[in-house]
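Keep the sequence and the 3D view open, and look things up as we go.

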Amino acid sequence: MLLGIDVGGTFTDGAVVADGKVISVVKIPTSHDNLLKGILQAIDQVVEAVGSCNFSRIALSTTIVTNALIEGTLDEIGLCIIPGPGMDIKFILPIEPYILSGYIDHRGREVASPAQEEVQAACQHFAACKVFAVSGKFSVRNPSGELSVVAWIEKQASVEHITVGSEVSGSLNFLRRTNSAYYNAAVWRHFNDFANAVTAALEARGIHAPVYVLKADGGTLPLLTARNYPVEGIFTGPAASVLGIMAMHPTKVPSVSLDIGGTTTDIALWQDGVPLFTEGGVKVNGHPTALRGFRLKSVGVGGDSLICCEEGQIRIKPMRLGPAMAVGGLHPTVADAMIVAEKSHFGNVNLAIDAMKRVATHGQTPLEVANLVLHEAVRVICHGIKEMLVEQAAEPVYCVKDIVHDRKLDIKQIIGVGGCAAGLVPLVASKLGLAYQLPKQGMVANAIGAAVARPTVDITLRVDTVEGFYTVAELGIKKKLPWQNFTLADAKELAEEHLAKLATIRGIPLGESEMLQSEEFNVIQGFTTKGKIISCRLQVKPGVLFNDKEGV
Amino acid sequence: MDVKKLGLVFFPAFDWAISSTHPEREERLLYTRDQIIEEGLLDLPNIREYKPTMATYQDIERVHIGVPDIASLITDAHLVSAGGAITAADGVMRREVERAFALVRPPGHHAMRVVHGTRGFCAINIEAIMVEHLRKAYGVRKVAIVDTDVHHGDGTQDIFYHDADTLFISFHQDGRTLYPGTGFTDEMGSPMAMGTTINIPLPPGTTDEGLHEVLDHLIMPILADFKPDIIINSAGQDNHYSDPLANMAITAQGYARLADKLKADIGVLEGGYSIESALPYVNVGIILAMAGLDYGKVIEPDLHKCPLQTRAVKNYINHLVKERQEMWAKREKLKGEAVAKAGDFWTRSRSIYYDDSGIEEQQIENLRLCPKCSGYLTLGTEARALSFGYKSAFAAVISREACFPCRQSAIDAVHKAKRQGKYQQYYIQNKYEDKLEKI
């Protein structure tokens, strides 16, 4: 039995999946003041329903990290950066960093090393801090500078945790890695307190299943590992529902998925059976990070979205003032319109009709108003889908063949999940002239997704045969190449080896791996080929667990 | 939508090379890509990255006459790099961005009006194609092109040599010491366009100091006088002290300050083959400067290798600036004299060498100096090369604003030449009707 819990803005959902079948679901209101309370309540209800607490895994998708950011319960962090020459990023980081000297160039050569006395000064400057983040430019090409600074800080100050930039991401982008490292460190304590509470509460209940945390890229991490990489657990709600779709409705057809919830609709694009990812990474508090996540767009339409009439026009507001009037709310909502138009069947129809009357003008009937509301909701969602497709088509590519053979996404179907999907998705599909699917249990797609999401991890291996080294940033490795004439195939093999190593360290079963990116360039100096630069990024393939024992 | 400071069309063409060890190869912008991405430049709110479109043959034939046709002389990569320049221009003209930089390859500034093959790594002139697109799509008239590549932009000069609405300024390492061996001070434009071609041949060893002397006291004042509707920078980066193909001493700071002062509306990458030591830093410097950001910390790791400027170079440059200032001041007088001397027609014959393909071209131009319009041009071209033997063509070029008699005379000239049958191919490049016709 796999248990998944997803804490959303409105509801905390739970789902139990056994041998690929959903055997129990629960939905309870989210306890905003104490997330854990709601989580435990969901677990207790599930245990009661299935009559056992013998889970093989519990996976959590929570807003704990997001809430820490929103509520500003962030730790004070000693952020040390080694920027070398180049763009000055001092003023665009979330906090003011301490700048250390030292310099790695784009080939991973150390041009200047960091100075220990500067690190001492930095530790004095951050005397009040127990948690640090260290990030250096081109540290993914040579982590030595970062690692020296970390060692000096550990010697100097009584630190509880240090987040290292090259460990957080093996991809180029110093700005994003620095932001990732900062936020990881800043939520570290908050997350660990939560992890302690979860562990204690489960123990008290006699539940011994290993706990995993969902990541924004749809993979999971063991809680023990997540304690060091807590920022990975941000924005997992939409990822959970995307995974849920993968589990409930696997499809190879190019698709759009819509998760229509309380106040938002999350749109994702699908190609070859997998959702598309963002380039670079997700934004946290407006700062670009290296955290990999699905390419998602949220538009402000959901069942509880407030509706009103402005200058004779029906408008949908991107906010919630409570539930639908049909179920005792005080303000008219999109769900009320769905009830009046007979697209949904719950609550008190007469109260929903009253809601429509509230926003009616010029003697419109409640049904006319309801249709106008739905029309507007569909318009906003369709606009979001179109914008997303335009953005996708405009994504830069760097090879001639990718421009000539432009792989335009030719969407064939819509997959709808979430509380209000059944009412709106058929209308959206008909407006766009597409087929649609409404998977059963779509109301708790997110919890199902969390339950079955595979554990994942990825590494970036870069080989520079001219310099004679290879690096695996995530493992802090820069080593001499075992031999000179390295090929892409050799690099892939070496990458597999290191992926297995990292998976072991992070407590992740290896499973099937896949290549995310690979490139190979000849290095030519003075008209002679001197060697190659090869890089590849490999990951334990994300996806859905079919067997209860598989991902543990 | 808010207007961003800089549009960046980045297209490194990672799957295209002239040949595997040629300087114009897959790896050329690899380290630049690494530096741009690592710095996080593409994530800045003031920069918008664009995906290039592909240029059409009509875009290209607004500028070029390919013999026997342009399609057989170029690859898809050329369509993308020209398309990238057009994408940059569109971003600026649609006011999505304040300025734009097409950091694309392959380059174009050695490609002339007539194309028989690739010369100086260039097959089609991506700036010229962009300029003609600006005129056709947006009605832009006065254009200034400042070519800051170390090599003379002989292709761009050729294309706009008779066009008084296009100011072409090129500084470069003196043609007596470097390919293509042209770009001397006496190449100033044909009579009606006299003074709108300005060459500034600099001595080997010119540093940032010398370059900015030229910029501050010559180029910027000339631009202020000319009052262009748009400024384009042919942003070659091979004046860098580490460039393997030239002998200048400009740094990334020198280039970034140049971009900052010039404030070009559109920059287009040209040459630059110090792909590891110069391009990553020069491009970051230019991008930051064009985006209005601080570039003061962009410094090459081996800056100590940059030579200092000698007194002789400084004196030479001071003298050159003075001489060119005087020439610019009396351009109207020079134009009057040249027009009077030429009479109804101006003629020039040249040989043009294609270093990449070993083609020797002989070209004769005959330009009608019309008192009512910008006239028309006829040209005869004969090319010889081991690769293809002999190719020849005769063409007439009708300008956008040609008067009726000039249009008719140009067409007649081509038909007459065809009857005489000396050439293999006959073309009318009719800019008035925006088409290239094969007769």
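The accessible surface of chain B comes to about 15300 Å², and carbon and sulfur atoms own 52% of it. (Accessible areas come from the Shrake-Rupley method with a 1.4 Å probe, and for residues only the protein chains shown count as cover.) Before going on, some ground rules: this is a predicted model, in which local features need pLDDT of at least 70, side-chain atom pairs count only at pLDDT 80 or more, and totals for chains, interfaces and linings use all residues. Residues are numbered from 1 along each chain as its sequence is written, chains are lettered from A and ligands numbered from 1 in the order in which they are written, and side-chain values use heavy atoms, with hydrogens and water left out.

Now, what is chain B built from? Its secondary structure comes to eleven helices and 16 strands. (Helices, H or I with at least four residues, and strands, E with at least two, are DSSP runs numbered from the N terminus.) Chain B has a radius of gyration of 21 Å, close to the 22 Å that the globule rule gives for 439 residues, so it is as compact as a globular protein of that length. (That radius is taken over C-alpha atoms, and the rule is 2.2 Å times the number of residues to the power 0.38.) Of the 439 residues of chain B, 64% are buried. (Buried means under 20% relative accessible area, exposed means over 50%, and partly exposed is in between, using a 1.4 Å probe and protein chains only.)

Where do the two chains meet? On one side 46 residues of chain A are in contact with 42 residues of chain B on the other. (Contact means heavy atoms within 4.5 Å.) About 3700 Å² is buried between the chains, and carbon and sulfur atoms give 59% of that. (Buried area is the accessible area, 1.4 Å probe, that two parts lose on being put together, summed over both.) A:Met87, A:His106 and A:Tyr398 supply 21% of the area that chain A buries against chain B, more than any other three residues.

Have a look at A:Glu519, in strand E26 (residues 513-525) of chain A. A:Glu519 is partly exposed, with a relative accessible area of 24%. Leaving aside neighbours within four places in sequence, A:Glu519 is in contact with residues of both chains, including A:Leu488, A:Ile533, B:Leu30 and B:Arg33.

Over in chain B, B:Leu29 sits in the loop between strand E1 (4-11) and helix H1 (30-39). Is B:Leu29 buried or exposed? Buried, with a relative accessible area of 0%. Not counting residues up to four places away in sequence, B:Leu29 touches B:Phe10, B:Phe14, B:Leu103 and B:Arg105, among others.

Back in chain A, zoom in on helix H2 (residues 64-71). Six of the eight residues of H2(A) are buried, so this helix is largely enclosed by the rest of the structure. Its cover includes helix H1 (35-50), helix H6 (174-204) and strand E16 (283-284) of chain A.

Most residues other than glycine have a negative phi, and most peptide bonds are trans. A:Phe138 has a positive phi near 55 degrees without being a glycine, and this residue is buried at 1% relative accessible area. B:Lys263 also isn't a glycine and has a positive phi of about 50 degrees, but B:Lys263 is partly exposed at 44% relative accessibility. As for peptide bonds, the one from B:Val67 to B:Pro68 is cis, with omega near 0 degrees. The bond from B:Arg105 to B:Pro106 is cis too, with omega near 0 degrees, and B:Pro106 lies in the loop between strand E4 (97-104) and strand E5 (114-115) of chain B.
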